[in-house]
Structures are given as structure tokens and as C-alpha cells.
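Subject: Structure handover

Hello,

Please find the structure below, with the sequence alongside. My notes on what was found in it follow.

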Amino acid sequence: MRTAVRWAAVLVVLAGCSDVHLPEAQQVASDFAAGDPVTRCDLLTEAAVRAVEHEEPTGCPVALEELPLGAGGVVSAQVWGQEAQVQLTDDTLFLSRTADGWRVAAAGCEASGQGRYDCLVEGS
Amino acid sequence: MSGVRRFVRENSLSLGFGLLFLLSLAGQALAGAAQMNEDRQAEGLEPVSLVQYLTSSSFAVDVMENWQSEYLQFALYVFATVWLVQRGSPESKELHAVGTESDEEQRVGSHAREDSPPWVRAGGWRTTLFSRSLGLLFGGLFLLTWAASSVAGWAAYNVEQLQSHADPVSWVAYLGEADFWNRTFQNWQSEMLAVGSMAVFAVYLRQRGSPESKPVGASHHDTGATG
């Protein structure tokens, strides 16, 4: 039985379902939630910043100031490969692992049914 | 002939296919990493390194879903050809030999010879197990690789879920997803087609010198003959 569990664990790790990066993703989500607009913009993926600035040409911090993004604590998190989902008390964030570490790819996300989310901030 | 050259010559089938396997796997790794990075670039995501791709669920599921179907093909072929025959096919045994055959024909029990494998001469459960070891091995490898395919497919599916801003699903929920069964059946159908095609085409066509074919001059009605 112990061997079976060990093999299952190896399979899960090999399949990329590793939680090695979980603390780092949680920390970035936490920093994002607690940060001011400038900090939040620094923690967005390039694609998300581009999408935000496309909507608000005056700049990312100004745009984020106007959006009702969550600022609560981390409730739960999951990492799958280079992607992560972090549930805050008042928001759901989606993160991607980049060359600079974890960055927020989508924020201000609200469940829209069948497990999908509509997000106020997201790169395309 | 030196020892090494003789070893290579006498094992050229396994060595040749082992080398082709490694080259193909390397090709899949390079092409798969390039495709993943094209997709990630299109979605505004950072590219991944080759090592990151090789340890990704995407690569794992692409490899495992093919392995499981190959082992299923051989497991079914080994088991099914005990009972199913094809008139005129070198892939089939003689029509009258359907079933597990007698101890004499299978050289077991009192009919075991001096050069028979030790577990054949041992009798009892060892002989029973050894008598089915080929099918059991392929069946076991199929189940293992299918399970690995389901875990890797689950992880890859959840990566896609997160990329499209959706909740990840549990492994049990993934087993009910169309993604898992589409990956499974698309591989199974091709294996069944390959086996069926081989069984039928080999009735009427020949490959001179190949043990997978009948001798060139053999009748279309000859069953079980190999050349």
C-alpha cells in the first residue's frame, strides 16, 4: 500500500502537478492583494499590462485605481505546471510563471458558471 | 567476427528499433517544445525551456497516451489470437488450433524438454504463470501506462483550464471529461485498424524474407505460414 502511494506521488510529480512553487505563487498573490496600484502593475504579466493600458492610455496604475480588485487574504491556492489559481477572501487571481517569477495574469475574476470566470483584468 | 559485432548483428531488431524509438522521442520533444512556445507566445506567455517542457504534463500525456494504446494493441493481439483466427493470414494460427492447445503442442507438463525454460519444467503455478506471461506483461503495461496517461492528461487539462481562467477539476472528474476519452479512443482506433489491416493484407500480399509475411509463393489459403 505504501509503495502504491509512493508510485502515485511520483506519477503526480512527473505529470507536472507539483506544489513546489505554491508558496511563491501565494506570496505574489498576497503582495498583489496588499499592494498599491503601482505595486500591482509591477506584479502583472506583460500581456495583462498591455490589455489594461489598451483600455486606459493614461497608464496601468491609474486604470487599476478605478477597478474594484480584491484586497483580502489568501484562502487557497493551486499550482498546475506554469499556471496557478489563488482564491482570496474577496477575489480570484490567475497567475503565470514568467522569467521574472510568478505574475498575475488575471484579477478581479468572478465565477460565471461551469467553473469559468469573467475577469476585470486579463491579458489576451 | 568480434563479440561486439556479433552481438549487434544478432540483436539488430531490438537495437535498431530502440535507436529509432530514442530518435523519434527526441524529435517529439523538440517539436513539442517548439509548438508549446508558439502557443504560449500567441497567448502572451513566457516561453518555456526544453527541460521545463520535458517535465511538463503536456509532454507526459503526449507520450503516455501513445504508449498505452501500443501496449493495449499487443495485449489484445496476444490474447485474441489464442481464440480468433483469419483464414490465409500469417498473423493467425491454423484454423483447427483455436484455443490454448494441448500440453503436447505447447511442450508443457510431461512434454517439457531439456531446453524448455526453468518455469516450464518447474510445473504448478510457475508454469501456469509463465504460460500467460507475455499477455500479462503487455496487459499490465497497458494498465500502468493508461493510468499514467490519465494522471498526465489530468494535469495538462488543468493547465489549460487555468490558462483560460477556469477552475481546475479533480482526477475523478477528469475521467468523465471528453478530453480524456477523446485522447483514449483516438489512439485505440488507430491500433485496431493497424492490427486488422495487417491480418487481412497479409493474406494476399507478400514481403519477401519477412517473418511477418508468408513465403512469396505460398497460397492465399495457407494460414499461419511465415516466410
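In this predicted model, strand E3 of chain A pairs with strand E4 (residues 101–113) in the antiparallel sense, over 5 bridges.

How many of the residues of E3(A) are buried? Strand E3, which spans residues 92–98 of chain A, has 7 of its 7 residues buried. In a regular strand, side chains alternate between the two faces of the sheet. In E3(A), A:Thr92, A:Phe94, A:Ser96 and A:Thr98 point one way, while A:Leu93, A:Leu95 and A:Arg97 point the other way, and all are buried.

Nonpolar cores

The largest nonpolar core has 27 residues, and A:Phe32, A:Leu44, A:Leu64, A:Leu95 and A:Val121 are the members that touch the most others. At least two residues of this core come from each of the following elements of chain A: helices H2 (22–34), H4 (46–55) and H5 (60–65), and strands E1 (74–80), E2, E3 and E4. H2(A) gives the most, with 6 residues. Leaving aside residues up to four places away in sequence, A:Phe32 touches A:Arg40, A:Leu43, A:Leu44, A:Leu69, A:Leu93, A:Val104 and A:Ala107.

Between the chains

In the interface of the two chains, 26 residues of chain B are in contact with 29 residues of chain A. The area buried between chain B and chain A is about 2100 Å², and carbon and sulfur atoms give 60% of that area. On the chain B side, B:Glu46, B:Leu162 and B:His165 supply 31% of the area buried against chain A, more than any other three residues.

The count of salt bridges between chain B and chain A is 1. A:Glu83 forms a salt bridge with B:Arg40, with the closest N and O atoms 3.5 Å apart.

Domains of chain B

The domain assignment of chain B gives domain 1 (20–48) and domain 2 (56–98 + 134–227). Taken over C-alpha atoms, the centres of domain 1 of chain B and domain 2 of chain B are separated by 25 Å. In contact are 8 residues of domain 1 of chain B and 7 residues of domain 2 of chain B. Between them these domains bury about 490 Å², 65% of it on carbon and sulfur atoms. In domain 1 of chain B, the residues that lose the most area to domain 2 of chain B are B:Leu25, B:Gln28 and B:Met36, together 57% of what that side buries. Across this domain interface the rule finds 0 salt bridges.

Salt bridges

Over all chains the structure holds 5 salt bridges. In one of them, the side chains of B:Arg183 and B:Asp62 meet at 3.7 Å, N to O. This pair links distant parts of the chain: B:Arg183 is in helix H10 (residues 178–204) of chain B and B:Asp62 in helix H4 (residues 57–83) of chain B, 121 residues apart.

Is B:Arg183 buried or exposed? B:Arg183 has 15% relative accessibility, so this residue counts as buried, the cut-off being under 20%. B:Asp62, in contrast, is partly exposed, with a relative accessible area of 24%.

B:Arg183 also meets B:Asp179 in a salt bridge through their side chains (3.3 Å, N to O). Both B:Arg183 and B:Asp179 lie in helix H10 of chain B, 4 residues apart, which is about one turn of the helix. B:Asp179 counts as partly exposed, at 22% relative accessibility. A network of salt bridges links B:Asp62, B:Glu65, B:Asp179 and B:Arg183.

A further salt bridge is formed by B:Lys93 and B:Glu101, whose closest N and O atoms are 3.0 Å apart. B:Glu101 is partly exposed, with a relative accessible area of 29%.

Regards

Technical notes: Residues numbered from 1 in each chain as written. Chains lettered and ligands numbered in written order. Predicted model: local features only at pLDDT ≥ 70, side-chain atom pairs only at ≥ 80, totals over all residues. Heavy atoms only, no water. Buried < 20%, exposed > 50% of the residue type's maximum accessible area, 1.4 Å probe, protein only. Pairing = 2+ DSSP bridges. Core = buried A, V, L, I, M, F, W, Y, C linked by side-chain atoms within 4.5 Å. Contact = heavy atoms within 4.5 Å. Domains from an automatic or database assignment. Buried area = accessible area lost by both parts, 1.4 Å probe. Salt bridge = Lys/Arg side-chain N within 4 Å of Asp/Glu carboxyl O.
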